[in-house]
Amino acid sequence: MTLIDPGTALDAARLEFREDLLDAGLLIGSASAGIYGRSATFEAILAGLDRVLTEMAAPLAAIAVRFPPVYPRADFERTDYIASFPDLAGVVSSFEAGDREHRELLAAREEGRAWDGWLTPSDVVLTNAICHPLYATLEGRLPAGGAVYDVLGWGFRHEPSADPMRLQSFRMHEFVYVGDPQGAQEYRDTWLDRAVETLQSLGLPVTAVPANDPFFGRAGRMLVSAQLRENLKIELTVPIYGDLHEGTAIASANCQRDHLTAAFGIRTADGETAHASCLAFGMERTTLALLRVHGLDVGSWPAEVRSRLGL
Ligand SMILES: [Zn+2]
């Protein structure tokens, strides 16, 4: 849980941006931090951005697939997400007992006591990384030359925050290469550059920096240093809060090597363990970055940006 200390200038800036978005009706608040409705204008920007990204990726001739915002716990178990990010995970619980237990649940609820103890974890989890459900479908051998997939979907991170750049439920658009190790590295490097150009063409002042994922606990700190040392994941950041913050990541290019492909038994055409690279765009974060950079009144955005986004 991110506690906002109103004493710091950064937290004040985050709260102010959030208030401005709510006042403009672009986001619709809820009782939970980081859970918002989106206005039609917000969705129009996001849809325009999605078209721009899809056009950018056209040369990849990617295979488009879509998955629901939950996926099987059996597949989640094959990733090490619960080891690296237990605090961000979400398991769906439901009621699987009988009438007697249901009466006990209702009695507890009537008395204002906690009733969730009568629920049990179901066989689905909220999708954290939208490429994980994809990998779960690719077990076995890939076609020669590998394959590229286009995945758009909802992700969840249990990360309640007053910063509107940090939502608990959000969309990602990912372009995922799965194939041989050299192909994965080349894909990451080539498409990182294309992503930077595309986002800059929308007026976003992006900077590419090595990622520093919030791995959990002591073992996690070693994973952070390995990630930085090997330069596996690059994030594209935009300065949302000026000098108060180093910038918020809106996209990333991640060379995952055989990290997930080994876990899911994905092999190249010649039988080796495949490598994967993922070019991922945070759809809400990029939309919010556009609003931050060009202003909350879309009518006053630069004509070229409006026309590229179809606004
Ligand atoms: Zn991914």
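**A tour from strand 11 to the zinc site**

Select Thr237 to begin: its relative accessibility is 7%, so Thr237 counts as buried, the cut-off for that class being under 20%. The model is predicted. Thr237 sits in strand 11, which covers residues 233–238. Now show what surrounds Thr237. With neighbours within four places in sequence set aside, Thr237 is in contact with Pro205, Val206, Thr207 and Val209, and also with Glu246, Gly247, Thr248 and Ala249.

Next, select the zinc ion. Which residues coordinate the zinc ion? The donors are SG of Cys131, OE of Glu174 and SG of Cys278, at 2.2 to 2.4 Å. Along the chain, the donors of the zinc ion follow the spacing C-x42-E-x103-C. Cys131 is in the loop between strand 6 (120–126) and helix 6 (132–135), while Cys278 belongs to strand 14 (residues 275–282), so the pair ties together parts 147 residues apart in sequence. Cys131 and Cys278 are both buried.

Last, select helix 2 (residues 40–56) together with helix 7 (residues 181–201). Their axes come within 11 Å and cross at roughly 140 degrees. Helix 2 and helix 7 are therefore oblique to each other; an angle has to be over 145 degrees to count as roughly antiparallel. The crossing of helix 2 and helix 7 is right-handed. To see the contact, show side chains for Val52, Leu53 and Met56 on helix 2, and for Trp191, Arg194, Ala195 and Thr198 on helix 7. Coloured by class, the contact of helix 2 with helix 7 has five nonpolar residues, one polar and one charged.

How values were computed. Residues are numbered from 1 along each chain as its sequence is written. This is a predicted model: local features need pLDDT of at least 70, side-chain atom pairs count only at pLDDT 80 or more; totals for chains, interfaces and linings use all residues. Side-chain values use heavy atoms; hydrogens and water are left out. Axes are lines fitted to C-alpha atoms, for helices over the stretch in contact, and angles run from 0 to 180 degrees between N-to-C directions. Helices (H or I, at least four residues) and strands (E, at least two) are DSSP runs, numbered from the N terminus. Angles under 35 degrees count as roughly parallel, over 145 as roughly antiparallel, 65 to 115 as roughly perpendicular and the rest as oblique. A crossing is left-handed if the near helix is turned anticlockwise from the far one by less than a right angle, and right-handed if clockwise. Contact means heavy atoms within 4.5 Å. Ala, Val, Leu, Ile, Met, Phe, Trp, Tyr, Cys and Pro count as nonpolar, Asp, Glu, Lys and Arg as charged, and the others, Gly among them, as polar. Donors are N, O and S atoms within 2.8 Å of the metal (3.2 Å for Na, K and Ca); water is not among the atoms, so sites may look incomplete. Buried means under 20% relative accessible area, exposed over 50%, partly exposed in between (1.4 Å probe, protein chains only).
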